[in-house]
Amino acid sequence: MTAQQEAVLDQPTTATTEAEQAVPALRAQVTGDLLDIVVDLDSGHGCRLRDLRDGTEYLDMTMFFSSAPLGHGHPGLREPEFEAALVRTSRVKPANPDFATVEQARFAETFRRVAGVPELPLLFLIDGGTLAVENALKVAFDWKTKHNARQGIGVRGSKVLHLERAFHGRSGYTLSLTNTDPAKIRDYPMFDWPRIPSPAIEPGPRWDDPELLAEERVALDAAEAALRRYGAEIACFVYEPIQGEGGDRHLRPRFLTAVQELCREHDVLTVADEVQTGALTGAVWAHRELGLEPDLVAFGKRLQVCGVMGGRRVLDIADNAFREPSRISSTWGGSLVDMVRATRILEIVEQDGLFEHSRRMGELLLGELGALAAEFPEVIRSARGRGLMCAVSFLEPARRDAALAVARDRHRTLFLPSGPDSLRFRPSLSVSPEEITEAVAALRATLTELS
């Protein structure tokens with residue numbers, strides 16, 4: 001055999017060879033935190049993800065960071081008509097804000113019917129959760145500045161009130177709000193915007209106290225002080241109904257309602273960042289479950305298409321940023337392929353009653369995690385959750401990191417970290433009781449090994 005023939009045989013000519021080389025090739029060239037798994041896009045079922053290299057199956061409690069609402073291999077996403085629509089829309093990438101298609105109109109109508117909020121009729125679409133939050137802030141800046149002008153106040157609305165332990169993205173304006181892992185923001189220029197304490201409450205009897213708790217009063221006082229100091233400069237208050245990246249931290253509706261009332265008194269808009277919580281907490285939107293009334297809602301992840309819903313006080317300004325031509329826009333305005341997929345997913349969610357199903361599965365999961373915390377009090381604590389957005393905290397952060405590795409490598413179960421010491425569950429909306437029980441059993445076996 002000649003050297004040339006040997007070189008030809010060494011080339012990656014089969015799918016198997018490509019799969020074997022995928023992880024090292026990507027790690028050498030593309031920025032990321034790749035697991036040693038190559039996803040088989042043609043296989044997998046339910047919460048089971050298959051490794052293309054050797055067929056190993058993992059019980060997946062991550063769902064690609066909560067962006068695969070129907071899990072893997074859902075039959076409703078393999079229907080010929082749907083797959084033909086995906087192919088048709090993938091041949092070109094239209095400028096959706098300027099060129100209408102039936103597919104975009106169908107998505108907008110399905111979104112309104114399944115996920116829409118009547119009080120928030122305005123819709124802006126874009127790629128990426130960070131850019132969804134970013135444009136919600138731009139709407140608020142625009143609104144506040146115009147509102148000030150109509151009040152004879154010559155001040156731009158240019159500041160954002162926000163919480164400690166928040167994660168709203170890592171670019172532009174959102175970089176000034178995010179304050180979780182220091183490595184994600186270190187040394188980047190940022191705005192010095194007012195930040196108040198985040199009084200998350202652990203599960204227990206204090207959750208239902210009708211009065212503001214001591215730590216909530218401290219945070220509310222800090223908000224009042226910021227509003228007095230900056231006055232008409234503050235355009236909005238932005239919050240996550242549950243702080244995901246910060247550690248699955250739950251804020252009481254009593255506190256968030258108090259801040260909302262304070263913002264209304266000072267003509268400040270409220271922005272709910274539901275990029276993580278949307279379609280995950282046993283309902284379409286966490287803010288509605290908590291009885292909140294934001295003026296703007298940023299969404300993404302499980303909705304497939306990212307964007308902003310707006311209304312309430314935004315509508316007080318007729319030429320708000322949603323309506324003023326080219327005030328906020330982008331070339332593509334989201335992906336048409338994503339809209340086709342989102343339309344089908346929303347139809348399946350509606351037909352199969354998956355929000356109610358996810359609520360029941362969330363109750364099962366939370367009960368299992370509570371029992372697990374009682375069984376291993378020296379290792380984990382604080383089982384908490386709303387719908388399928390559930391988590392436990394580890395007493396020692398290093399044990400959390402070890403648990404993720406042991407569960408993956410020895411028990412073929414994938415979990416995600418959350419904050420400095422927590423492990424989070426993000427199963428699909430269609431998760432079965434058996435999959436939940438099996439995932440908790442894998443975590444129990446992991447904890448047994450660690451302890």
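I looked up R381 and found it opposite S393 in β13. The model is predicted: local features need pLDDT of at least 70, side-chain atom pairs count only at pLDDT 80 or more, and totals for chains, interfaces and linings use all residues. Residues are numbered from 1 along each chain as its sequence is written, and side-chain values use heavy atoms, with hydrogens and water left out.

**Sheet with β12**

I followed β12 to its partner. Strand β13 (residues 389-394) runs antiparallel to β12 and is joined to it by five bridges. For pairing, DSSP must find at least two bridges between two strands. Strands here are DSSP runs of E with at least two residues, helices are runs of H or I with at least four, and both are numbered from the N terminus.

I then traced the whole sheet. It is open, has four strands, and pairs antiparallel in the order β12-β13-β16-β15. Which strands stand at the edges? They are β12 (380-386) and β15 (416-418); each has a single partner strand, so one side of each is left without a neighbour in the sheet. On average, neighbouring strands of this sheet are turned by 30 degrees against each other, direction ignored.

I checked what packs on the sheet. Helix α11 (residues 354-375) does, touching β12, β13 and β16 (422-425). Contact means heavy atoms within 4.5 Å. The direction of α11 makes about 170 degrees with that of β12. Axes are lines fitted to C-alpha atoms, for helices over the stretch in contact, and angles run from 0 to 180 degrees between N-to-C directions.

**Helices α5 and α10**

I turned to α5 (residues 102-115) and α10 (residues 336-352). Their axes come within 9 Å and cross at roughly 35 degrees. The crossing is left-handed, meaning that the near helix is turned anticlockwise from the far one by less than a right angle. Residues of α5 in the contact include F107 and F111, and those of α10 include L336 and L346. By class, I noted eight nonpolar, three polar and five charged residues in this contact. Ala, Val, Leu, Ile, Met, Phe, Trp, Tyr, Cys and Pro count as nonpolar, Asp, Glu, Lys and Arg as charged, and the others, Gly among them, as polar.

**Aromatic pairs**

I found 10 aromatic pairs in the structure. Rings of Phe, Tyr and Trp (its six-membered ring) pair if their centres lie within 6.5 Å; planes under 30 degrees apart count as stacked, over 60 as edge-to-face and the rest as tilted. The ring centres of F107 and F111 are 5.8 Å apart and the planes are at 50 degrees, so this pair is tilted. Both residues lie in α5, four residues apart, about one turn of the helix. F107 and F111 are both buried (under 20% relative accessible area; exposed is over 50%, partly exposed in between, with a 1.4 Å probe and protein chains only). F107 and F111 also form one aromatic cluster with W285 and F299.

I ended at β1 (residues 48-50) and β2 (residues 57-60), which run antiparallel and are joined by three bridges. Which residue of β2 is the bridge partner of L49? Y58 is. The hairpin has six residues between the strands, and G55 in it takes a positive phi near 85 degrees. β2 also pairs with β14 (residues 413-414), in the parallel sense, over two bridges. There L59 stands opposite T413.
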